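Good morning, and thank you for making time for this item.

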Amino acid sequence: MKKYLPYIFLIFVLFLPLIFKTRPSLIGYFNIVLILGISAQGLNLLLGIAGQISLGHAAFMAIGGYTSAILVMNYNYPFILAMICGILLSALFGLIIGFPSLRLKGFYLAIATMALGSVVQDIIKRLKITGGDHGLRNIPSIKIFGYEFASNTSRFYLILALFLVIIFISRNFVKSRSGKSLIAMRDSEYGALTVGVNITKAKLLAFVLSSSFAGLSGVLYAHTISYLHPMNFGLALSVELLAIIIIGGIATLWGPILGAFMWIILPLVIGSRFEMLSNVFFGIAVILVVLFLPRGLSEIIYKLRESLKFHNE
């Protein structure tokens with residue numbers, strides 16, 4: 001039973017658009033959950049696996065989103081090529097921002113990444129091609145080989161497929177030699193050095209991979225929401241991503257998507273019943289998760305798997 005659990009869950013997720021076909025707006029929220037889940041997965045690799053804190057992660061989403069939107073709208077690039085450019089440019093900025101991490105740690109690195117995030121946001125605000133303070137409007141929907149993903153349902157399946165690719169890459173990366181080097185570096189840089197880990201390479205790799213995921217997330221966000229504004233990618237979003245991985249379970253594979261689901265969907269559920277007190281109940285729910293689930297919402301999955309393992313024995 002235990003080995004079939006992920007497949008049963010995946011089948012359930014595939015049927016979500018059919019279950020909620022009378023509420024297409026809810027499918028739109030599921031799309032946002034998946035998009036933030038992709039970005040949070042990148043931050044999870046950076047913070048949870050490599051131990052490098054970042055408060056400027058939203059800037060990578062902005063770079064990916066604006067790059068793709070501008071290339072499609074102004075230069076008629078096909079979506080796939082624009083997406084690749086957005087991811088590569090985000091990765092390049094990740095490499096640049098990764099250099100301070102070679103000399104900074106902890107809160108100092110957090111402040112440095114926050115400052116660089118503010119710089120990116122300010123530059124976007126001042127450029128004419130990005131729409132400045134007015135933002136970019138009417139960004140086209142995703143179109144691949146002539147097929148336009150115009151509906152929330154069609155976008156859901158595309159974003160879900162890309163999310164599963166990100167999960168596959170993350171899972172294999174963590175198990176690879178590079179991933180184990182990052183874990184060794186996170187636990188002890190001096191210990192990692194003694195066993196031959198190249199700290200410089202490991203830190204830069206973590207920033208590049210993390211920013212690539214955020215870039216992809218930004219691209220999907222731009223062509224799903226159809227509107228970009230610099231204020232959407234400020235410090236608040238970076239802190240939200242940090243909260244998402246802590247609530248979901250830092251350094252866990254499924255933590256980011258579980259955290260994103262709770263962060264986006266739970267306020268809607270609470271708000272539909274307790275409109276005036278929705279923020280209060282949501283805050284209490286977050287505190288309870290942090291207090292009683294040491295590995296975040298992923299703790300529920302671990303306990304469920306252990307329970308199934310016990311019954312099978």
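I shall begin with the basis of the model, then turn to the helices and finally to the serines.

This is a predicted model, in which local features need pLDDT of at least 70 and side-chain atom pairs count only at pLDDT 80 or more, while totals for chains, interfaces and linings use all residues. Residues are numbered from 1 along each chain as its sequence is written, and side-chain values use heavy atoms, with hydrogens and water left out.

Let us take the pair α5 and α10. Helix α5 covers residues 79-98, and helix α10 covers residues 199-225; helices here are DSSP runs of H or I, at least four residues long, numbered from the N terminus. These two pack at an angle of about 145°, with their axes 7 Å apart. The axes are lines fitted to C-alpha atoms over the stretch in contact, and angles run from 0 to 180 degrees between N-to-C directions. Their crossing is right-handed, meaning that the near helix is turned clockwise from the far one by less than a right angle. Among the residues that meet are G86, S90 and G94 of α5 and S211, G215 and V219 of α10; contact means heavy atoms within 4.5 Å. By class, this contact has 11 nonpolar, eight polar and no charged residues, with Gly counted as polar.

The second pair is α4, residues 57-75, and α6, residues 106-126, which pack at an angle of about 30° with axes 9 Å apart. They are therefore roughly parallel to each other, a term for angles under 35 degrees. From α4 come A59, A62, I63 and Y66, and from α6 come G117, V120 and I124. Six of these residues are nonpolar, one is polar and none is charged.

Now to the serines. A polar atom of the S90 side chain lies 3.1 Å from the backbone oxygen of F60. Leaving aside residues up to four places away in sequence, S90 touches F60, I63, G64, S211 and G215.

S217, in α10, is likewise buried, with a relative accessible area of 0%. S217 and L34 are 183 residues apart in sequence, yet 8.7 Å apart in space, C-alpha to C-alpha.

Note on methods
Parallel < 35°, antiparallel > 145°, perpendicular 65-115°, else oblique. Buried < 20%, exposed > 50% of the residue type's maximum accessible area, 1.4 Å probe, protein only. Polar contact = N/O pair within 3.5 Å; in protein donor to acceptor, adjacent residues only side chain to side chain.
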